[in-house]
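The following note concerns helix packing and charged side-chain pairs. Please read it alongside the sequence and the coordinates.

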Amino acid sequence: MQKNVIISWSSGKDSTLTLERLIDNEQYNVVGLYTTYVKDEVPFQATPLYVLDIQAELLGLPLIKIEMPEAFPSNEIYQSTIINALKQSDLNIDAVAFGDMFCNGIEAYRRSYIEPAGWECVFPLLAENSAELAQEILERGIQTLVVTTDGTQLSSDYCGKWYTRELVESLPSSVDPCGEDGEFHTLVTHTRSYSGSIELELTHIEQGPRFSHQRYTAKRLPNT
């Protein structure tokens, strides 16, 4: 019997690869997505909520939007807010999936609040080689734009560039190919699971003291 799984959704390539891995896995049935947000956008990616709505529509999946009081709330607030929102949803959930790649304690942290709620914790990408995952993202045709860079690790010149083989090869050796140390974050505009794509009009790069964000407007394009 398949387990109903909901995916922690960031709008970027890691959560998209997680989704596609689970779609390919006969053990799971993807029933929805959930995202946390602050002031109408996803932290770090700085993805506006309306863009996540477009992604969910293209995937044909419900999206649970969970508001947080700040980008870094206490663990107690963060965990209880997520658990309560998932329990109050109309979705029948057996498992919760995350796109984490590194074995840096994040798995134990996720399990510490997901499993007591009665759900399985699923990590389709955990402990896999980042370079190989980057190659898989490209080979699957997951089209994604670099929308945030951490200036302490990667130049803002990468903001607004497409995640291509050439971009991955151009990254400094200190930067993970998937940006798993937070060096950069991405937005997926098309993948095989979408019933269409997202068209972006890039406007400007918002330079902060540490993080830079590619700003844009977005609209849904149907399949042609």
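**Helix packing and salt bridges**

1. Helices H1 and H5 are roughly perpendicular to each other. In this predicted model, the axes of H1 (residues 13-24) and H5 (residues 130-139) come within 11 Å and cross at roughly 75 degrees.

2. On the H1 side, the contact is made by Lys 13, Asp 14, Leu 17 and Arg 21, which meet Leu 133, Glu 136 and Ile 137 of H5. Three of the residues in the contact of H1 with H5 are nonpolar, none is polar and four are charged.

3. The salt bridges number 18. One network of salt bridges links Glu 20, Arg 21, Asp 24, Glu 128, Glu 136, Arg 140 and Arg 192. Arg 21 and Glu 136 also belong to the contact of H1 with H5.

4. Glu 57 and Arg 220 form a salt bridge, with 3.5 Å between the closest N and O atoms. The pair connects distant parts of the chain, helix H2 (residues 49-59) and strand S11 (residues 211-222), 163 residues apart. Glu 57 is partly exposed at 47% relative accessible area, and Arg 220 is partly exposed at 38%.

5. Arg 110 pairs with Asp 100 in a salt bridge whose closest N and O atoms are 3.0 Å apart. Arg 110 lies in helix H4 (residues 106-114) and Asp 100 in the loop between strand S6 (95-97) and H4, so the bridge ties together parts 10 residues apart in sequence. Arg 110 is buried, with a relative accessible area of 12%, and Asp 100 is buried at 11%.

6. Within helix H4, Arg 111 and Glu 107 are four residues apart, hence separated by about one helical turn. Their salt bridge has its closest N and O atoms 2.9 Å apart. Arg 111 is partly exposed at 26%, as is Glu 107 at 28%.

How values were computed: Residues are numbered from 1 along each chain as its sequence is written. This is a predicted model: local features need pLDDT of at least 70, side-chain atom pairs count only at pLDDT 80 or more; totals for chains, interfaces and linings use all residues. Side-chain values use heavy atoms; hydrogens and water are left out. Axes are lines fitted to C-alpha atoms, for helices over the stretch in contact, and angles run from 0 to 180 degrees between N-to-C directions. Helices (H or I, at least four residues) and strands (E, at least two) are DSSP runs, numbered from the N terminus. Angles under 35 degrees count as roughly parallel, over 145 as roughly antiparallel, 65 to 115 as roughly perpendicular and the rest as oblique. Contact means heavy atoms within 4.5 Å. Ala, Val, Leu, Ile, Met, Phe, Trp, Tyr, Cys and Pro count as nonpolar, Asp, Glu, Lys and Arg as charged, and the others, Gly among them, as polar. A salt bridge is a side-chain nitrogen of Lys or Arg within 4 Å of a carboxyl oxygen of Asp or Glu. Buried means under 20% relative accessible area, exposed over 50%, partly exposed in between (1.4 Å probe, protein chains only).
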